[in-house]
Amino acid sequence: MGKTKHSGRTKLPGRPDPKLWVSKVPFGLGRQKPHHIRDTMKVVWDNRDNLPYAYRILTQGVCDGCALGVSGLYDQTLTGPHLCTTRLNVLRLNTMGPIKPDVLHADIDELRRMDSAQLRKLGRIPYPLVREKGDSAFRRVSWDEALDRIASRIRGVDPKQLAFYLTGRGITNESYYAAAKAARLIGTNNIDNASRICHSPSKTAMKRSLGIGASSCSYRDWIGTDVLVFWGSVASNNQPVSTKYMYAAKRKGTKIIVINPYREPAMEGYWVPSIPESALFGTRLADDFYQVNIGGDIAFMNGVMKHWFEMEDDRPGSAIDHAFVQAHASGYEALKAHVREQEWEALERSSGLSRERIAEFANLLAGARSGVFVWSMGLTQHRFGTDNISQVANLALLRGFIGREHCGVMPIRGHSGVQGSGEMGADPFSLPGGDFQPEHVRRIEALWGFELPRWQGDIVGVSLENAMLPDDHERKLKVFYTSGGNFLETMPDPDFVRRCLENVDVRVHQDIVLNTSTLADAKEEVWVLPAMTRYEQPGGGTSTSTERMVYFSPEIEGPRIAEARPEWLIYADLAARIRPERRDAIAFADAAAVREEIAKAAPNYDGIQRLRARGDVFQWGGAWLCEDGEFPTPDGKGRLLPIELPELRKPEGRFYATTRRGKQFNSMVYGDLDPFNGAGRYDVLMNAADAEGLGIREGEAVVVYNRHGVFHGRLKTAAMAAGNLELYWPEGNMLFPKGVYEPHAGIPEYNAAVVVEKAETYHALKDTRYVEKRIEELDLDTPE
């Protein structure tokens, strides 16, 4: 780990810089852009019944939106206040009153007519509920009845037939830790978290390449680095506060590069509301876009390295930091031999970029003294996501961009709680502070005082699929306990997911609001348990940001949902009822006691026990992991790994589809129109030349289909790489295959080859043989 401590906040420049302005027209009038002032006024109106409490949450609590880590209105990167629309949109979840009884106990079919956005607006879950087989409505129950009956059902199944899942929605480290411990006390390793569908390949790849499982650098390193690269990440949309860091970086002379199939408007220019100059005239963020094909990143990076090795032939030391590589990396010769064998024609075809464009990027990195690589779902949500991230690590190692100021690799998190989930052990492959190595298992058993299950737990997608196994199968999912989450709106093939959810004997939804998954039937019982938010948790709670800052969020005075309970306490209580003879092993006096035990279980978190008051924070691992080239690997070196090109064959005239986010926070959609491009939720973003080739005009109804599903939408031309298209998530999830997971990290595949046709053509020719023939042509690309 690093020795250097974070150096604290930096100031923004005082004088404006007109060279960075998007437009001289104030506030971007007449442009397609977010309307921050209007959106803020709407949030004020929505929270009008609890404005003092809402204000205290914003000024005293740690943001429960993305994982940038804003405590109150301040972070550890820049001076001055921060407030973004993502946090404001999430705010109402914390200030709502309870759902009215006549609505909550209405016929279930009445509730099912609502979508998740409408269900959220009903209010908070007020008390425990149950709906048994044949019931047409939820029935109120006491906590004792709910937990006793759930405990009884869990005792009646094999632990391999039980699975837990925790989302990243505002959940604290204390809750992740208690859930991880409770699951193992009960006897199951089937426990997973939201990173399985976002950043699990990041941790897996970074572990194998660098020996670390988190960002190696801090946000401060963005400001003043020579090159800041965003790879498959639209940070300005998903982590809006980051635009302030980008602004600061631009003022320091940093070049910002975006690598993405879509030339994202939000990364081209942004009106940062908390910076007067930017709020008035906007800020040009990206200096260049490299529009790779969907899935073409490995080829692109192999091309970059191939160019570097060609540069080295002409002038040794012109591209590779040989001193760093020789002292701190292994596998150089094998990687060089592998890359040299790659044919430029194949690299250009797969990446979608010319050799000349690849060389431009390679030369830019070769001439940079420092660089930070940031990535998100565009790299991870592939069946080869781990290989994508190891390629990023290859580039960082070859240039020595790690372990020092203004350098590093950063998987930017979209959920405020999810970085801590695996570090707390809420993961089938992890325990608090480490993986399932024998010596670590023994250490945790000694601390916890009971034997851990030694069998390999399942990832959440496989657990769900296990609901379809025969009843007598040892891994048939019979009890599914989920804290937050909505699998109908996050997983591929939602119709199949619904069948899985409905084939579970007993489902437990521990949450603050209802969603569409909560309303799905179960074979026997659906239980709903009301959870507290992080701001209601007695004794406060902690969360870990993208840059490894562990923040304390205090309990905030305000109205309460009378029967809501802290999530860590619910897990501890449930485990004690299931294993009463082990009650003492899971008994925590309060939230502070949980933190005391975390400090012992996870050595990196030593210091969490001293977080007690508003503003308390520490960064585990120091400012930079792998400082001075010291990697926590068996030989102390980073590993350079040869990465093969993935198979991405698609017939001529077909397209490769992926997803993007709009006005939403993860699966929570807050608006029908994307504020950055004006697209609707059912618009299909396509290159204009591709659309012209199909004879489809802007706004025309189209059908996008393959053997997995059919999507009905409207065409919207966009600055998209030719041969690629994007649909909104989760609306387009029916096009992606079920049961296809990345082999190393288990993330689902969210990309597929598709046919696009005018709706009138599709329906006119919808002869079974016609459609089947078109689909058969796509099977070449099927990864199954």
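The count of disulfides, pairs of cysteine sulfur atoms within 2.5 Å, comes to 0. This is a predicted model, in which local features need pLDDT of at least 70 and side-chain atom pairs count only at pLDDT 80 or more, while totals for chains, interfaces and linings use all residues. Residues are numbered from 1 along each chain as its sequence is written, and side-chain values use heavy atoms, with hydrogens and water left out.

**Cysteines**
- The cysteine sulfur closest to that of C66 belongs to C63 and is 5.6 Å away, too far for a bond.
- C84 is in no disulfide either, as its nearest cysteine sulfur, that of C63, is 5.8 Å away.
- C66 has a relative accessibility of 5% and so counts as buried (buried means under 20% relative accessible area, exposed over 50% and partly exposed in between, with a 1.4 Å probe and protein chains only).
- C84 is buried as well, at 8%.

**The sheet**
- An open sheet of mixed pairing is formed by 7 strands in the order β2-β1-β17-β16-β15-β3-β4. Strands are DSSP runs of E with at least two residues, helices are runs of H or I with at least four, and both are numbered from the N terminus.
- Two strands pair if DSSP finds at least two bridges between them. The edge strands, β2 (139-140) and β4 (191-193), each pair on one side only.
- β1 (residues 129-132) pairs with β2 in the antiparallel sense over 2 bridges, and V130 has R139 in β2 as its bridge partner.

**Helices on the sheet**
- Helix α7 (residues 143-155) lies across β1, β2, β3 (162-166), β15 (479-483), β16 (506-511) and β17 (525-530), and runs at about 130° to β17. Angles run from 0 to 180 degrees between N-to-C directions, and axes are lines fitted to C-alpha atoms, for helices over the stretch in contact.
- Helix α8 (residues 173-186) touches β3 and β4, and its direction makes about 175° with that of β3.

**Helix against helix**
- The axes of α14 (residues 297-314) and α16 (residues 332-340) come within 9 Å and cross at roughly 105°. That makes α14 roughly perpendicular to α16 (angles of 65 to 115 degrees).
- In this contact (heavy atoms within 4.5 Å), N302, M305, K306, F309 and D313 of α14 meet Y332, L335, K336, H338, V339 and R340 of α16.
- In helix α2 (residues 51-60), Y53, A54, I57, L58 and T59 are buried, and the buried residues of α2 pack against α3 (85-95).

Note on methods
Parallel < 35°, antiparallel > 145°, perpendicular 65-115°, else oblique.
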